[in-house]
Amino acid sequence: AEDHAYFQFVGTPTVGPPAPELEKEDPKKYRDAVAYQAMLNSLGDKGVKAVIMFSQYSDLMGYPGINDPERKARLHRFVELMHSQGIKVLVYNGWGITTKCDEWEAFGTELVNLPLKNSGYSTYWNSPVSLYPDLFIYRMAEHMREFNLDGIYMDSTTGIQYSLHPNGMRW
């Protein structure tokens, strides 16, 4: 395998309208685990080309990584199931550095502008002129390799109001 990641900007990650069969689906029926699994097993047959796992897939909001072993196992199984149907899997990533990541205690304040600006979800606005861009790219590539992911859905890189820094921009 090649040891690098590919990045692509996507305005709307679709190739057309949803398959007619999916538009007619009643989401209430998927409260049943068996029906839900059957739906997942048939996505490829219904023309689905890619799925995006939003922030709930991870226990680290917006951060490329997962701490919880059960969530890791679920993501591995999900990616394997989607790939077996020819479906690409993208995961959500955001702009905040979470206080729950391993790096926070060691050098979290070096990743943000001070004073801290809480962006919600136990995250703080990163500083684009800090170590954060390098850490994010490294962790994202590591995350993609670990789970055999096909891409990311990038919420944003930072908020413009928090990008002001005496040393200039870095992204």
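This is a predicted model: local features need pLDDT of at least 70, side-chain atom pairs count only at pLDDT 80 or more; totals for chains, interfaces and linings use all residues.

Me: Is His143 buried or exposed?
Reply: His143 is part of helix α5, which covers residues 132-147. Its relative accessibility is 1%. The cut-off for buried is under 20%, so His143 is buried.

Me: Which residue's side chain makes a polar contact with the side chain of His143?
Reply: Leaving out residues up to four places away in sequence, His143 touches Pro64, Gly65, Ile66, Val91 and Leu149, as well as Tyr57. A polar contact of 2.9 Å joins the side chain of His143 to that of Tyr57.

Me: How many residues apart in sequence are the parts that the pair of Phe54 and Tyr92 ties together?
Reply: The rings of Phe54 and Tyr92 are 6.0 Å apart, centre to centre, and form an aromatic pair. Phe54 sits in the loop between β1 and α3, whereas Tyr92 belongs to strand β2, so the parts tied together are separated in sequence by 38 residues.

Me: Is Phe54 buried or partly exposed?
Reply: The relative accessible area of Phe54 is 39%. Buried requires under 20% and exposed over 50%, so Phe54 is partly exposed.

Me: What is the arrangement of the rings of Tyr132 and Phe136?
Reply: Both residues, Tyr132 and Phe136, lie in helix α5, four residues apart. The ring centres of Tyr132 and Phe136 are 5.9 Å apart, with 35° between the planes. Stacked needs under 30 degrees and edge-to-face over 60, so the pair of Tyr132 and Phe136 is tilted.

Key
Residues are numbered from 1 along each chain as its sequence is written. Side-chain values use heavy atoms; hydrogens and water are left out. Helices (H or I, at least four residues) and strands (E, at least two) are DSSP runs, numbered from the N terminus. Buried means under 20% relative accessible area, exposed over 50%, partly exposed in between (1.4 Å probe, protein chains only). A polar contact is a pair of N or O atoms within 3.5 Å; within protein, one must be able to donate a hydrogen and the other to accept it, and residues adjacent in sequence count only if both atoms are side-chain atoms. Contact means heavy atoms within 4.5 Å. Rings of Phe, Tyr and Trp (its six-membered ring) pair if their centres lie within 6.5 Å; planes under 30 degrees apart count as stacked, over 60 as edge-to-face and the rest as tilted.
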